[in-house]
Amino acid sequence: MRLSSLLAVFRPALPLILGLSLGCSLSLLMVSWTQGDADDSCGEELGNVGLFVGGHRGDRADSRDGAGNEDFTPRIVPYHKDPNKPHKKVLRTRYIHSELGIREHLLVGVLTSRATLNTLAVAVNRTVAHRFHRTFFFTGLRSAKLPHGMTVVAHGDDRPVWLMYETVRHLHRHHGNEYDWFLLAQDDTYLQADRLAQLVGHLSSGRDLYLGRAEEFIGGEEKARYCHGGYGYLLSQSLLGKLQPHLDTCRNDILSVRPDEWLGRCIIDYLGLTCLEVYQEMRYQYFELGKNADPEREDSPQFRNALAVHPVSEPSLMYRLHKRFSQMELEWTYQQIEQLQMQINNLSHLTPEGKAGTTWPIGITAPFKPKTRFEVINWEYFTEDHVYSCLESAPKCELRGADRADVSAVLEMAVERLNARYQPQLRFRKRRLLNGYRRFDPTRGMEYVLDLVLEAYTQKGHSQVLGRRVNLLRPLSSIEIIPMPYVTEATRVQVILPVTAPEQDYVGNFLDTYVTNMLDTRDNVLLTFLFIYDPFDAQRVSQTDVFAGLKAMISEVEKRYGDVKIPWISVKTEVPSQVKLMDIISKKHPVDTLFFLAGPWTEINGDFLNRCRMNAISSWQVFFPVHFQEFSPSVGSREQPQSSSAFAFDPLRDGHFDRQVFDEACFYNADYMTARTKMAADILDNEELLESMDVYDIFVRYSGLHVFRAVEPALVQKYVRRACNPRFSEDIYHRCVLSNLEGLASRSHLSMALFEQEQANST
């Protein structure tokens with residue numbers, strides 16, 4: 001009993017005791033090996049091994065080995081700068097993939113001609129070109145009118161072999177180090193972009209590879225094959241580099257009528273490579289289209305798995321092929337979704353929540369659960385004709401535009417899904433919508449609840465009116481990163497400030513802010529005033545200038561900063577249309593000028609101007625910021641003062657983002673001039689169009705650029721009641737009135753003011 005109790009006490013410490021004993025034994029054994037006689041051969045071998053691995057050297061090792069092991073001694077190589085050689089600055093690339101030598105996968109070159117450039121080539125561009133990273137259209141002679149949105153390279157000669165020679169040369173010279181694979185095809189070929197991308201993703205670009213449909217040479221005597229150009233063929237980057245030195249020789253020595261045969265002969269003769277259809281179990285699939293073939297009826301495995309279809313005789317056939325392949329891709333995608341949903345449903349019982357934890361639809365993010373009452377997402381009620389939540393705070397407004405199209409599409413989809421689920425037993429037809437509810441959940445998409453009155457038909461022809469509630473979800477699609485041009489924050493901004501006579505009282509605060517934030521910080525900003533005289537003030541300008549005080553303030557600023565000039569332009573007009581004023585400004589500045597249209601109540605700072613530089617991209621995007629409008633101090637919060645700091649305001653107390661005003665804008669002069677040129681034809685028919693539009697309307701209707709509109713917390717305006725000119729268009733006048741009404745105060749402050757007024761009247 002005494003022994004068992006003793007073991008029970010020491011049992012938890014047994015692993016520790018055994019470990020210590022084993023460690024001490026091994027250390028003693030190692031000491032006996034390493035501290036033996038120096039003449040022991042075993043010790044010498046172990047010592048040499050230790051020298052080699054550790055890189056250290058003892059005295060005896062130095063005397064024994066001499067200079068044989070000098071490579072293992074650390075040495076410091078001194079750096080001496082040669083004063084005779086100029087210092088060369090190391091320039092690093094802008095992007096990481098350029099510095100690391102990472103290339104894009106695939107570049108596509110389409111061989112076309114002047115006769116088919118505006119037909120078949122346009123069809124290729126509209127169907128699949130946008131799904132490749134880069135697509136070029138190579139032609140001998142370009143047509144008089146080039147298609148829009150296509151990168152066309154004209155070589156100046158219509159001979160087919162010469163076109164092929166110049167095309168291969170161009171690809172190697174300009175893009176040989178940018179892409180791993182090059183696909184050459186004709187404009188009568190339909191290509192499957194996603195499958196081609198999958199194919200090149202599994203192939204190594206370091207191998208010399210010539211992949212396509214193998215075709216025999218004329219005569220068929222030799223075993224070598226060339227790739228047929230009608231079905232396209234892939235050239236690896238390494239093959240293109242090795243082929244480049246032999247192109248001139250091939251052009252002079254090889255005679256051929258077909259360009260694909262000429263290229264194949266050149267690759268075979270000088271590189272010893274033949275065309276392959278299969279490489280490492282990866283097959284280049286193709287399909288030969290019959291003369292009167294109907295793409296809707298093609299359903300063979302060869303057609304479904306084809307990477308290229310040839311020949312496509314006309315553009316309409318190209319679009320029909322694209323429709324057919326898109327349908328097949330959708331069918332395959334829906335099948336994959338159903339399989340994933342079945343797997344999720346089968347595994348849901350293993351989760352902590354069990355089957356009850358499975359949300360609808362399966363695989364979509366669960367609905368957002370608010371933690372406080374302020375996070376509750378409101379439902380919007382609608383019928384087939386009206387919606388009961390309007391932007392103007394009206395209780396009811398008519399369904400128009402995108403809202404009407406959205407409701408119609410949802411109703412149509414609901415009936416379609418019901419028929420797909422219950423046919424052939426039942427067939428439904430919508431009679432009317434009783435109630436409709438929708439809300440946008442930012443975590444999953446737009447949710448709908450519909451109360452439908454349906455007429456159900458049986459297979460025997462009997463019908464009955466039913467009322468059913470259905471739930472639908474329009475899920476958010478995958479997020480796509482849109483490539484944007486590279487811009488910097490070093491661009492000079494030209495600030496344009498139009499001022500009328502009633503508005504000049506607010507310019508003093510504008511100038512003070514401009515001097516503090518721009519001139520004192522030496523920001524790259526220029527300011528130009530635009531003085532707008534009405535006809536009466538313009539006649540009296542020699543006796544009394546209404547802008548004399550403002551011009552004196554500008555002179556004081558110029559005296560304080562000797563190297564600063566603030567020019568002004570005087571304009572006489574009865575209707576100060578923003579477009580007419582911008583026409584005058586545009587002619588007086590270079591085309592690469594970045595404009596910022598400001599207002600007398602704007603407070604400019606460096607943070608906003610940097611975003612103006614970044615968001616306005618030449619030939620790509622214009623920027624219309626939504627400024628923060630402070631509420632009226634007489635109606636707003638009485639217990640706390642107004643805050644003019646850009647990031648210290650409280651939206652519920654100090655003001656709101658004014659969505660009704662489009663006066664502030666950042667854009668390049670060249671983009672404005674391009675849009676104005678497109679507008680010239682409409683002005684000939686309607687001269688009053690200039691007074692009914694502003695700069696925002698010009699860019700939306702005539703530019704084709706991205707019109708970026710976003711809230712800008714760094715752009716703050718003091719409260720002011722704008723003078724709305726009734727001579728402008730109804731839309732501009734209406735927006736001005738709404739801006740004045742919404743900028744007065746928040747609803748809580750307005751209700752409190754009404755309550756206090758009623759209390760005062762009652763007493």
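1. On a 1 Å grid over the protein atoms alone, a cavity is a set of points where a 1.4 Å probe fits but cannot get out, and a pocket is an open set with protein on both sides within 12 Å along at least five of seven lines; a lining residue has an atom within 4 Å of a point. Points are joined across faces, edges and corners, and the space filled by probe spheres set on them is the volume.

2. This is a predicted model, in which local features need pLDDT of at least 70 and side-chain atom pairs count only at pLDDT 80 or more, while totals for chains, interfaces and linings use all residues. Residues are numbered from 1 along each chain as its sequence is written, and side-chain values use heavy atoms, with hydrogens and water left out.

3. The structure holds one cavity of 30 Å³ or more. The largest cavity has a volume of about 40 Å³, and its lining includes Gln629, Tyr719 and Asn740. That lining has two nonpolar, four polar and two charged residues (nonpolar: Ala, Val, Leu, Ile, Met, Phe, Trp, Tyr, Cys and Pro; charged: Asp, Glu, Lys and Arg; polar: the others, Gly among them).

4. The largest pocket has a volume of about 1,500 Å³. Of its 35 lining residues, Trp360, Pro361, Met413, Arg417 and Leu473 are the closest to the centre. Among the elements that each supply at least two lining residues are H13, helix H14 (401–422) and strand S19 (463–475); helices (H or I, at least four residues) and strands (E, at least two) are DSSP runs, numbered from the N terminus. The lining of this pocket divides into 24 nonpolar, four polar and seven charged residues.

5. A cis peptide bond joins Trp360 and Pro361, with omega about -10°. Pro361 sits in the loop between H13 and strand S14 (380–382). The bond from His310 to Pro311 is also cis, with omega near 0°, and Pro311 is in the loop between strand S13 (308–310) and H13.

6. Glu281, a residue other than glycine, has a positive phi near 65°. Glu281 lies in the loop between strand S10 (278–279) and strand S11 (282–283), and is exposed at 77% relative accessible area (buried is under 20%, exposed over 50%, partly exposed in between; 1.4 Å probe, protein chains only).

7. Arg522 has a positive phi near 60°. Its place is the loop between helix H15 (507–519) and strand S21 (525–533), and Arg522 is exposed, with a relative accessible area of 57%.
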